[in-house]
Amino acid sequence: MGLFRASVRREIRRFGHTPVLVVSAIVIPVVMTLLYVAMFWRGTVHDLPVAVWDGDHSALSRQIVRMVDATPSVEVVLQVEGIDQGRRAMVRGEVDALIVIPPGLQAEVMGGRGGGQVAAEISGARILNSGLLKRDLTTVFQALNIGLETQMLGARGLPARAGHPMAYPVAFDKHVLFNPYGSYAYYLLPGLLYLALVITVSVVTVYVVGSELKYGTAGEWVETAGGSVTRALAAKLAPYVLLFGLLSLFMNTILYRFMGLPFHGQEAMILVAGNLFVILAYMAMSVMLVAATANMRLSMSIAGGLATASLSLCGLTFPAVGMYPGIVALAKLFPFTYFIDLFIEQSLRGAPPARALGDLAALGVFVLAMGLFIPRLRRVATDEKYYGRY
């Protein structure tokens, strides 16, 4: 234990005397966490700008405008004098949709002739915005139609309590589980926070191991640990495991205490274990890269790229069911895929703890795989011909 403690003290001294490490391992992750939290503080999208052309100028058309504007995700910011003006506003990016209310709409509806039609031209340039607008505008006009039908039936002497079932004969009772408010903070914010963490873990691990080769101090590093590369590596990574573990707890505190993220799991320690395992997995990948290349700069580029690609491949931003089978198989080579699966199951869905064992085991495989590169790391750490490479 004396050699291990000596190696740990050596690493702590190196950390304290390396400002770039302090900034990269502490300052940047904390700042990024606060920035992402500020970005997703509202959770859901509100007040998407739309334009309206009212060609009817009737009580019904004004009611439509009020109902659209009252929808939380929509705000009527522009009432145009012509359809072309509204389309130009969409081209300029001033609005995300144009609602067209044709002349004579109220006369057609109240006259019982039917055929009244309101059009909505929605920009598909931003998929998220267009999806929300399609959903919420459809809901608005469904409610409007039910109200009008009930009103017209009432004018014929049918009471409202009987008119509503006739206007809406098949009731649809929707229950959204796990994320009923459609909050992007519930799933996208954790993904971005943990992605920032694993990128930091990857880059910092490459630096602390690779810098021993770059600056020719690898021999001293191994000698301090009594000639054992395994002991030297464990002592070098131990302070960073503790540091990144504390950062993950800080992120979880922000998510669950201040952002209101639900936790439906039975054991919070499963999620804590997932945080620890994903940190160890990305550390292991970084060590393997340094051992394989003996080049800090190249390893840092590869490690950062792989960590960044994790978000795209894990199925959080684009579902795996829509990917080609080869891409789905490729995603299994990234630890982040298993961590996100564990997070969603334990935090949002409240799956039994046993469901997390497979993901934890998969993350453990990455750590065990690092053992295969220990002989290579011993060779590059003790042979001066590998020193000084950038």
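This is a short talk through the fold of one predicted protein model.

Hi everyone, and thanks for coming. Two housekeeping points. Residues are counted from 1 along each chain as its sequence is written, and side-chain values use heavy atoms, with hydrogens and water left out. Because the model is predicted, local features need pLDDT of at least 70 and side-chain atom pairs count only at pLDDT 80 or more, while totals for chains, interfaces and linings use all residues.

Let's begin with the whole protein. It has 16 helices and four strands; these are DSSP runs, H or I of at least four residues for helices and E of at least two for strands, numbered from the N terminus. Of the 390 residues, 45% are buried, meaning under 20% relative accessible area, with exposed being over 50% and partly exposed in between (1.4 Å probe, protein chains only). Now take contacts, that is, heavy atoms within 4.5 Å. Among those between residues at least 6 apart in sequence, 76% join residues at least 24 apart.

On to the sheet. In what order do the four strands lie? The order is S2-S1-S3-S4, in an open sheet with mixed pairing; two strands pair if DSSP finds at least two bridges between them. At the edges sit S2 (74-79) and S4 (119-122), each pairing on one side only. From one strand to the next, the twist averages 30°. Strand S1, residues 48-54, pairs with S2 in the parallel sense over five bridges, and Val-52 stands opposite Gln-79 in S2.

Which helices go with this sheet? Helix H3 (59-70) packs on it, touching S1, S2 and S3 (97-101), and its direction makes about 135° with that of S2. Helix H4 (83-91) lies across S1, S2, S3 and S4, running at about 170° to S3. For these angles, axes are lines fitted to C-alpha atoms, for helices over the stretch in contact, and angles run from 0 to 180 degrees between N-to-C directions.

Last stop: Ala-6, in helix H1 (residues 2-16). Is Ala-6 buried or partly exposed? Ala-6 counts as partly exposed because its relative accessible area is 23%. Ala-6 and Ala-225 are 219 residues apart in sequence, and 7.3 Å apart in space, C-alpha to C-alpha.
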